[in-house]
Amino acid sequence: MRRIAISNGKGGVGKTTTTANLGAALAREGKRVILIDMDPQQSLTDFFLVDVEGPDAVTLKDLLLSDKVDPNSAIVSLTKNLDLIPNREDIAAFETAFSSLKGGPFLLRTLLSKIKGPYDYCLIDTPPSLNVFVDQSLIAAEDVLIPLKPNDVDMKATERFLSTVEAAKEMNPKLKISGIVFTMIKPGSKSHIAFSGIFKGDELEKVVLETKIRDTVKLGITSTKGQDIFQFDPKGIGAQDYLKLAEEVMKWN
Ligand SMILES: Nc1ncnc2c1ncn2[C@@H]1O[C@H](COP(=O)(O)OP(=O)(O)OP(=O)(O)O)[C@@H](O)[C@H]1O
Ligand SMILES: [Mg+2]
């Protein structure tokens, strides 16, 4: 199971949208995919309108806090080949507890190793602030996919994120940034070309993906409908772009 953290220290760059729709695209390509919502904002859980309010709902927090809970009891089936481990806002209260638990930073990694399902890909949606949930995700993953909005002038958060990835490598030496994907490209905009120049001469230049995710209202609307883009607008540019992204990701070494 290939473990990919979809991450960037910058907020609102399309992390959740990419996790949901890249996951759906890989699933349509016949890959078996599990999505993990590591964000206490539970945006990915809400994206698919998964109800985690009931007293019996088992969520990520329960799995991370106790190794006695069966991970399969939390897995929600979304569509063919696509599953989710949902999150609930109350996980935020346990932020410090996670660090003091036995296994500390490796809790998510250990959890993923216990998942029995025959999955090809695990995509982890992460929060925008650099915290224990991001650290856990980077320690559990093999690859990082960074969504980047080229019209964001403030690159500082992304730069800080790159340092966080470097720090995570101390505990997870195999971790690598495998892709940078530009998102929310406005029609006719060439800003991503100028923006790619930021990575010129840097190792990261090689991982700037060919696929660009264009800005489309439909992708914005899906996040409130409980549907991925292939259910909501299968012929639109959002579906085309995420399918192309999936094809590129499937070619990763
Ligand atoms: N390609 C796109 N075109 C138009 N709107 C988009 C696109 N991608 C994402 N959006 C919208 O932009 C907003 C931010 O996207 P998203 O929630 O995926 O970002 P995020 O990085 O996960 O944010 P956060 O940091 O809060 O977790 C959402 O309202 C989403 O629906
Ligand atoms: Mg998000």
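The radius of gyration used here is taken over C-alpha atoms, and the globule rule is 2.2 Å times the number of residues to the power 0.38. By that rule, a compact globule of 253 residues would have a radius of gyration near 18 Å, and the protein chain agrees, with 17 Å. Along its principal axes, the C-alpha trace of the chain spans about 50 × 40 × 30 Å.

Colleagues, the structure before you is a predicted model, in which local features need pLDDT of at least 70, side-chain atom pairs count only at pLDDT 80 or more, and totals for chains, interfaces and linings use all residues. Residues are numbered from 1 along each chain as its sequence is written, while chains are lettered from A and ligands numbered from 1 in the order in which they are written.

The protein chain has eleven helices and eight strands; these are DSSP runs numbered from the N terminus, with helices being H or I of at least four residues and strands being E of at least two.

I turn to the ligand. Which residues come nearest to ligand 1? Of the 18 residues around ligand 1, they are Gly11, Lys15, Thr16, Thr17 and Pro128; a residue is near if its C-beta atom, placed from the backbone, lies within 6 Å. Helix 1 (15-28), strand 7 (176-185) and helix 9 (217-222) are the elements that give two or more residues to this shell. Helix 1 gives the most, with three residues. The shell divides into five nonpolar, ten polar and three charged residues. Here Ala, Val, Leu, Ile, Met, Phe, Trp, Tyr, Cys and Pro count as nonpolar, Asp, Glu, Lys and Arg as charged, and the others, Gly among them, as polar.

Helix 1 also packs with helix 11 (residues 237-250), at an angle of about 70° and with the axes 8 Å apart. Axes are lines fitted to C-alpha atoms, for helices over the stretch in contact, and angles run from 0 to 180 degrees between N-to-C directions. The two helices, helix 1 and helix 11, are therefore roughly perpendicular, a label for angles of 65 to 115 degrees; under 35 counts as roughly parallel, over 145 as roughly antiparallel and the rest as oblique. Residues in this contact, defined by C-beta atoms, placed from the backbone, within 7 Å, include Leu22 of helix 1 and Tyr242 of helix 11. The contact residues divide into eight nonpolar, two polar and no charged.

Finally, the axes of helix 5 (residues 107-114) and helix 6 (residues 132-140) come within 7 Å and cross at roughly 45°. Helix 5 and helix 6 are therefore oblique to each other.

Notes
Two residues are in contact if their C-beta atoms, placed from the backbone, lie within 7 Å.
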